[in-house]
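My plan is to look things up one by one and write down what I find.

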Amino acid sequence: MILKIERKNKLSINLMVFAVLNFSWSLAQETYTLSGNVIDELTGETVLGANILLPDLSIGAVTNEYGFYSITLPAGTHKLLISFLGYQTIEQEITIDKDTKLNFKMVEESSQLDAVIIEQNIEKTSIRKPEMSVAKLSSKTIKNIPAVLGEPDVIRSILLLPGVSNAGEGASGFNVRGGGADQNLILLDEAIIFNTSHLFGFFSVFNTDAIKDLKLYKGGIPARYGGRLSSVLDIYQREGNNKEFKMNGGIGLISSKLLLEGPIKKDRGSFLVAGRSSYAHLFLQAAGEENTASFYDLNTKLSYRLNENNSLYLSGYFGRDNFQLGDSFVNEYGNTVANLRWNHLFSDKLFSNLSLIYSDYYYGLNLAVRSFEWESHIINFNLKYDFKHYLSNNFKLDYGINNIYYHFKPGEIRPDSEDSGINPEEFTNQYANEFAAYIDAEHRLTDKLTVRYGLRWSHFTRLGQDEFRVYDNNNPVLFNEEFQIYEGAEPIRVDSFDRSESLADFNNFEPRVSLSYLLNDNTSVKASYNRMTQYLHLLSNTNSPTPLDVWTPSGPYIEPQLLDQYAIGFFKDFKDGDYTLETEVFYKDIQNRIDYIDGADLIANEEIEQVILNGEARAYGLEVLFRKNRGKFTGWLSYTLSKSEQRTPGRNANEPGINNGEWYNSLWDRPHDIAVNGTYELNDRWTFNGNFIYQTGIPTNLPIGQVQQLGLTVPIYGNRNESRLTDYHRLDLSATYTPRKNKDRRWQSEWVFGFYNIYNRMNAASFSFEENRATGQNEAIRTSIFGIVPAISYNFKF
């Protein structure tokens with residue numbers, strides 16, 4: 001069957017055009033299915049997103065999340081091209097006279113150490129796909145983006161993309177297109193991650209050495225995803241090398257990492273274990289410092305191919321953070337996830353994946369000065385069954401079901417000694433179940449027009465609990481007309497319900513559609529619409545999540561959030577893909593966005609419904625991304641012009657609502673956001689990288705005046721979030737040195753030197769006010785977290 005195999009290091013981008021061109025042949029002509037997997041020749045891992053092209057027929061396919069492809073073609077001899085960024089292109093001739101399974105082994109172009117680089121629609125085939133507002137991260141490319149303290153960070157790399165921001169240094173999470181950090185669905189091997197940060201936002205929980213693929217969906221979100229409004233961050237871990245044992249790691253100023261991988265059974269099974277740990281707290285303790293902070297995490301994965309049609313995967317993650325103030329305060333938090341997956345191939349056109357997933361987010365607190373311990377959990381059990389059906393080259397279906405059972409443990413207080421005087425107490429546990437079914441089609445209608453359309457149906461049930469507060473007229477928040485303030489109502493009784501009973505049920509249909517229209521081989525316009533529903537809510541009135549924040553499910557007093565997002569974009573390649581331009585405009589409308597009454601107390605508040613009002617939110621903007629994709633100098637410029645607002649009007653004519661019912665800036669409103677990234681490869685030994693970021697300061701509440709009352713100075717505040725911190729900007733630089741002795745050696749190494757915030761900009765994290773005792777005047781005191789931060793790290797593999 002195989003007539004010729006030829007490998008090439010380079011392939012003209014023009015050949016990519018044929019990957020998704022529509023081709024039709026006579027119905028009388030006999031056709032067969034070519035299917036199989038694309039794998040890395042050296043490691044045996046599957047390659048996600050590889051292109052299988054038949055230029056003579058002008059058809060093609062792309063491998064799915066598990067490296068599988070399926071394509072229909074007429075009988076005869078055909079030329080195949082298999083390509084993927086960072087790998088040598090394979091050219092092969094095949095003769096097809098029956099349904100055929102054929103696996104391809106790809107070889108990397110470079111032997112440099114694994115690192116992180118951003119890919120956003122780099123390949124020309126994306127011009128034609130009905131996919132927009134999608135960014136990709138790969139761990140198989142050249143150098144790390146400069147990061148604080150030299151530790152590679154996936155989340156901070158994402159912040160260089162248009163439409164993505166956060167609250168600044170020391171802030172956990174990220175914000176997408178004016179949405180809150182709680183509106184991002186973050187998946188690690190399909191398991192939900194509730195907190196993405198180590199050391200309160202200085203690092204992310206994702207070890208780049210263990211990551212295989214990452215996608216960020218900002219819009220046009222496929223129907224298989226649901227449960228959050230703003231974005232989906234979908235991360236897959238590597239399977240591990242099933243050919244031979246390998247090890248790689250890195251040593252930095254405050255943390256180190258090590259990854260071990262190898263075969264369980266050669267060419268059939270593999271294992272991967274990756275760990276990270278910080279050790280700055282050891283130096284602090286040695287120096288006599290009582291206050292310390294540390295973290296560690298562990299990624300694991302077992303993969304085994306039972307036969308050609310069945311594979312099993314068992315993956316896990318465990319991470320913990322520890323923050324200690326002397327002996328009086330200890331804070332510990334982290335994620336634990338596990339996932340068992342079964343891949344099954346029913347036929348050469350029908351691929352399936354069954355997943356059983358466990359996730360637990362833990363938060364613990366020990367207050368020695370109060371003599372008690374506090375512990376809380378969010379536990380969920382998730383069952384997913386997904387199918388990918390390759391009906392023809394022009395029509396593909398994705399469909400499946402998903403059920404998540406939630407157990408919320410808001411808090412349990414335990415005395416740490418018998419004479420503490422603290423009584424044990426446990427807040428009422430909450431339970432919920434979320435079921436969804438979806439179907440999604442990708443349909444190539446003409447040579448120029450391709451459409452993806454789908455529908456997701458979600459059903460959410462708030463289950464019974466031991467204690468449920470009931471209010472008069474089901475209204476937990478009252479408006480005091482005399483004082484013109486909102487205040488909590490008193491419950492009229494407390495009921496108890498069995499787990500099998502339902503406190504509230506919600507049903508929502510979530511249509512999704514996106515399309516791509518090709519103007520010419522290098523230019524297309526795209527549009528998308530998606531409706532999303534979010535049933536879980538993060539209770540936080542800060543501009544970024546903290547471990548103290550509490551998640552709560554929708555129920556009788558809290559409605560699910562609903563989003564409608566519209567986007568349209570223009571995409572163009574220049575000089576055979578050497579340069580790309582991507583522009584998008586978007587509009588988001590959100591219903592039932594949670595807002596808080598003035599003076600709301602959210603920490604350890606079991607009657608949270610008494611401080612919550614349902615409002616609305618909106619965000620709109622323009623995103624521009626210009627890239628240089630090839631040559632010694634590569635990089636991109638991104639710019640976002642946007643607005644994010646929310647409003648909570650009064651529930652009737654007698655109530656003013658929040659902020660007098662007027663629109664006000666959300667906490668994550670960043671009207672101007674500019675990011676520049678550049679990489680210059682001087683030679684095979686030195687590579688240089690730089691980032692520059694500028695963002696409008698985040699909204700906040702600052703005094704606009706003051707009055708004297710009873711000898712005290714009382715500040716006066718204006719409308720909510722009408723003030724801003726000073727604008728944020730910084731420049732980061734790094735240099736990577738690869739010794740020449742790496743060549744032809746089993747031991748490979750590199751040195752990375754970096755400067756974070758090289759011109760020592762003291763960006764404001766907050767402002768506080770105090771009286772100057774010498775002058776008697778109030779002064780604003782700016783708090784900054786980082787100035788210039790040098791870093792050095794040593795990375796190796798063998």
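This is a predicted model: local features need pLDDT of at least 70, side-chain atom pairs count only at pLDDT 80 or more; totals for chains, interfaces and linings use all residues.

**Entry 1: a cut-off to start with.** I need one definition before anything else. Buried means under 20% relative accessible area, exposed means over 50%, and partly exposed lies in between.

**Entry 2: the whole protein.** I looked at the totals next. The protein has 798 residues, and buried residues make up 57% of them. Its secondary structure comes to 2 helices and 55 strands. I then checked the accessible surface, which is about 32700 Å². Carbon and sulfur atoms account for 55% of that surface. Last, I looked at contacts between residues at least 6 apart in sequence. Of these, 67% join residues at least 24 apart.

**Entry 3: salt bridges.** Side chains of opposite charge can pair when their charged atoms come close. How many salt bridges does a search of the whole structure find? I got 39.

I picked D578 and R630 to look at. They form a salt bridge, and their closest N and O atoms are 2.5 Å apart. I looked up the accessibility of each partner. D578 has a relative accessible area of 24%, so it is partly exposed. R630 is at 39%, so it is partly exposed too.

Next I turned to R720 and D595. Their side chains meet in a salt bridge at 2.9 Å, N to O. They are 125 residues apart, and the pair links distant parts of the chain. R720 lies in the loop between β49 and β50, while D595 lies in strand β41. Are these two residues buried or exposed? R720 is at 19%, so it counts as buried. D595 is at 2%, so it counts as buried as well.

I came back to R651 from my first entry. Its side chain meets that of E655 in a salt bridge at 3.0 Å, N to O. Salt bridges with shared partners join R177, K218, E584 and E623.

**Entry 4: strand β19.** This strand covers residues 231–237. How many of its residues are buried? The count is 7 of 7, so β19 is largely enclosed by the rest of the structure. I checked which way the residues point. S231, L233, I235 and Q237 point one way. V232, D234 and Y236 point the other way.

Then I looked for the partners of β19. Strand β14 (residues 184–188) pairs with β19 in the parallel sense, over 5 bridges. In this pairing, L185 stands opposite V232. Strand β18 (residues 211–217) runs antiparallel to β19, and 6 bridges join them. Here L216 stands opposite L233.

**Entry 5: H377.** I found H377 in strand β27, residues 372–392. Its relative accessibility is 14%, so it counts as buried. Which side chains make polar contacts with the side chain of H377? One is D360, at 3.0 Å. Another is E375, at 3.1 Å. I then set aside neighbours within four places in sequence. H377 is in contact with D360, Y361, Y362, H407, F408 and K409.

**Entry 6: D440.** This residue lies in strand β30, residues 430–444. D440 has a relative accessible area of 2%, so it is buried. I looked at what surrounds D440, not counting residues up to four places away in sequence. It touches several residues, including P222, A223, K396 and R452. A polar atom of the D440 side chain lies 3.2 Å from the backbone nitrogen of A223. I also checked R224. It is 216 residues from D440 along the chain, yet their C-alpha atoms are separated by 7.5 Å.

**Entry 7: a surface patch.** I ended on the surface. I264, L302, L314, L340, L356 and L383 form a nonpolar patch there. Together they have about 510 Å² of accessible area.

How values were computed: Residues are numbered from 1 along each chain as its sequence is written. Side-chain values use heavy atoms; hydrogens and water are left out. Patches are made of residues with over 30% relative accessible area and no salt bridge: like charges are joined within 9 Å, nonpolar side chains (Val, Leu, Ile, Met, Phe, Trp, Tyr) within 5 Å. Accessible areas come from the Shrake-Rupley method with a 1.4 Å probe; for residues, only the protein chains shown count as cover. A salt bridge is a side-chain nitrogen of Lys or Arg within 4 Å of a carboxyl oxygen of Asp or Glu. Helices (H or I, at least four residues) and strands (E, at least two) are DSSP runs, numbered from the N terminus. Buried means under 20% relative accessible area, exposed over 50%, partly exposed in between (1.4 Å probe, protein chains only). A polar contact is a pair of N or O atoms within 3.5 Å; within protein, one must be able to donate a hydrogen and the other to accept it, and residues adjacent in sequence count only if both atoms are side-chain atoms. Contact means heavy atoms within 4.5 Å. Two strands pair if DSSP finds at least two bridges between them.
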